[in-house]
Protein chains: 2
Amino acid sequence: MPKLWNETIEEHRRAVRDAVLETTAALVAEHGLRGVTMSRIAEKSGIGRATLYKYFPDIESIMMAWHERRIAAHLDELAELRDRPGAPGERLEAVLERYAFIQQQRGGHGGELSAVLHRGDHVVHAEQHLRHFVRGLLEEGVRAGEVRSDVAPDELTGYCLHALAGAGGLTSKAAVRRLVTVTLAGLRPPG
Amino acid sequence: MPKLWNETIEEHRRAVRDAVLETTAALVAEHGLRGVTMSRIAEKSGIGRATLYKYFPDIESIMMAWHERRIAAHLDELAELRDRPGAPGERLEAVLERYAFIQQQRGGHGGELSAVLHRGDHVVHAEQHLRHFVRGLLEEGVRAGEVRSDVAPDELTGYCLHALAGAGGLTSKAAVRRLVTVTLAGLRPPG
């Protein structure tokens, strides 16, 4: 059965959008935010300049959409690790380690681009989502006796996320893993 | 014996400078960076506008000087706690707790002012100084068997400072103390 016309259109739009996001991210990574033009993006994405402007008004909005998609993918990845079978402590470790690696990759964004991307509302939402998510895992850990219960899970969430933000300055995977080990040690029941 | 003329001049200059820094900081805290003018600062400091311009070209440079002086005072305070008698672990705790309270106060700066202040070179120097300082304390702690030796002191320094930066979002002193407790737990020798 042939696809409905609307579905075909929708698929095509999504494919163009994805191509524009990938192309722009690659160009910005290579030349910096100021070294890229809308014409160059259109050319490299294989579409006309007028078509590109039907999708996005400027480079910042493309990078914002790219960032939003990337953050959503990261949150999905973390949710997948959380939902695996296993003790809460193990799943917490898997999630925090993945989060730390994400922070390490982010370290490469560069100041100017980072400032633009983090202006978006989507970042605030993603942070809230992440906090909620980590807090849930910590609460499970407290119930299982694997996480300290003398400090509220909300405060422990702030501790974790701040401590792991330090992964942004680390250059090796081994150093990131050590940071996760130290951060987890802070979460264990005292005594 | 009367003071030398140069000393008197020097003292007077310092007094004027201090008055300008205090007045400006108070005005900016009340009205925000954009709600303050050089004329108002001169008036409130009890000096002429022309005199003020002999000391500072603009409000940003006054706030930068104020911030530099404040950071220096904080570092002195931390050094004083480090140099007290006691076991390395106790002194580490005292220093990290004080640092966390400083971070908590800083939370009130506000985004715009913070962005201006942290543009200064003095902040980079202060951060290097602080890292060096905390690393020294951690090294002492490792030698005394009070701090874990399986992770390099330099990495533990990054962990501490990032984790304690979270104090900026905390509203009570008790919450700051809990954050310090959790952070210190991460530093203890595993076992």
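In this predicted model, A:His74 touches A:Ile102 and A:Gln105, leaving out residues up to four places away in sequence. Find A:His74 in helix α4 of chain A, which covers residues 59–82. How much of this residue can be reached from outside? The relative accessible area of A:His74 is 15%. Buried means under 20%, so A:His74 counts as buried.

Now go to A:Arg106. This residue lies in helix α5 of chain A, residues 88–106. Is A:Arg106 buried, exposed or partly exposed? Its relative accessibility is 33%, so A:Arg106 counts as partly exposed. Beyond neighbours within four places in sequence, A:Arg106 is in contact with A:Ser114 and A:His118. Compare that with A:Leu27. A:Arg106 and A:Leu27 are 79 residues apart along the chain, and their C-alpha atoms are separated by 17 Å.

Next comes chain B. Start with B:Leu21, in helix α1, which spans residues 5–31. B:Leu21 has a relative accessible area of 0%, so this residue is buried. What surrounds it? Setting aside neighbours within four places in sequence, B:Leu21 is in contact with B:Phe56, B:Ile62, B:Ala65, B:Trp66 and B:Arg69. B:Gly89 is 68 residues from B:Leu21 in sequence. In space, the two are 37 Å apart, C-alpha to C-alpha.

B:Ala100 belongs to helix α5 of chain B. With a relative accessible area of 0%, B:Ala100 is buried. Which residues does B:Ala100 touch, not counting those up to four places away in sequence? They are B:Leu164, B:Ala167, B:Val176 and B:Val180. B:Ala19 sits 81 residues away from B:Ala100 in sequence, and the distance from C-alpha to C-alpha is 28 Å.

In soluble globular proteins, nonpolar side chains tend to be buried together. Here, the largest nonpolar core has 68 residues. Which of them touch the most other members? They are A:Tyr159, A:Leu187 and B:Leu187. Take B:Leu187 and look at what is around it. Not counting residues up to four places away in sequence, its contacts include B:Leu92, B:Leu96 and B:Leu138. B:Leu187 also touches B:Glu146, B:Val147 and B:Arg148. B:Leu156, B:Tyr159 and B:Cys160 are on the list of contacts of B:Leu187 too.

How do the two chains relate?

Empty space is the next topic. Rolling a probe the size of a water molecule over the atoms shows where such space is left. How many cavities of 30 Å³ or more does a search of the whole structure find? It finds one. The largest cavity has a volume of about 30 Å³. From chain A, the residues A:Arg178, A:Leu179 and A:Val182 line the largest cavity. From chain B, the lining has B:Val151, B:Glu155, B:Leu156 and B:Tyr159. Two helices each supply at least two residues of this lining: α9 (173–187) of chain A and α8 (153–165) of chain B. What classes of residue make up the lining of the largest cavity? Five are nonpolar, two are charged and no residue is polar.

Note on methods
Residues are numbered from 1 along each chain as its sequence is written. Chains are lettered from A and ligands numbered from 1 in the order in which they are written. This is a predicted model: local features need pLDDT of at least 70, side-chain atom pairs count only at pLDDT 80 or more; totals for chains, interfaces and linings use all residues. Side-chain values use heavy atoms; hydrogens and water are left out. On a 1 Å grid over the protein atoms alone, a cavity is a set of points where a 1.4 Å probe fits but cannot get out, and a pocket is an open set with protein on both sides within 12 Å along at least five of seven lines; lining residues have an atom within 4 Å of a point. Grid points are joined across faces, edges and corners, and a volume is the space filled by probe spheres set on the points. Helices (H or I, at least four residues) and strands (E, at least two) are DSSP runs, numbered from the N terminus. Ala, Val, Leu, Ile, Met, Phe, Trp, Tyr, Cys and Pro count as nonpolar, Asp, Glu, Lys and Arg as charged, and the others, Gly among them, as polar. Buried means under 20% relative accessible area, exposed over 50%, partly exposed in between (1.4 Å probe, protein chains only). Contact means heavy atoms within 4.5 Å. A nonpolar core is a set of buried Ala, Val, Leu, Ile, Met, Phe, Trp, Tyr and Cys residues joined through side-chain atoms within 4.5 Å.
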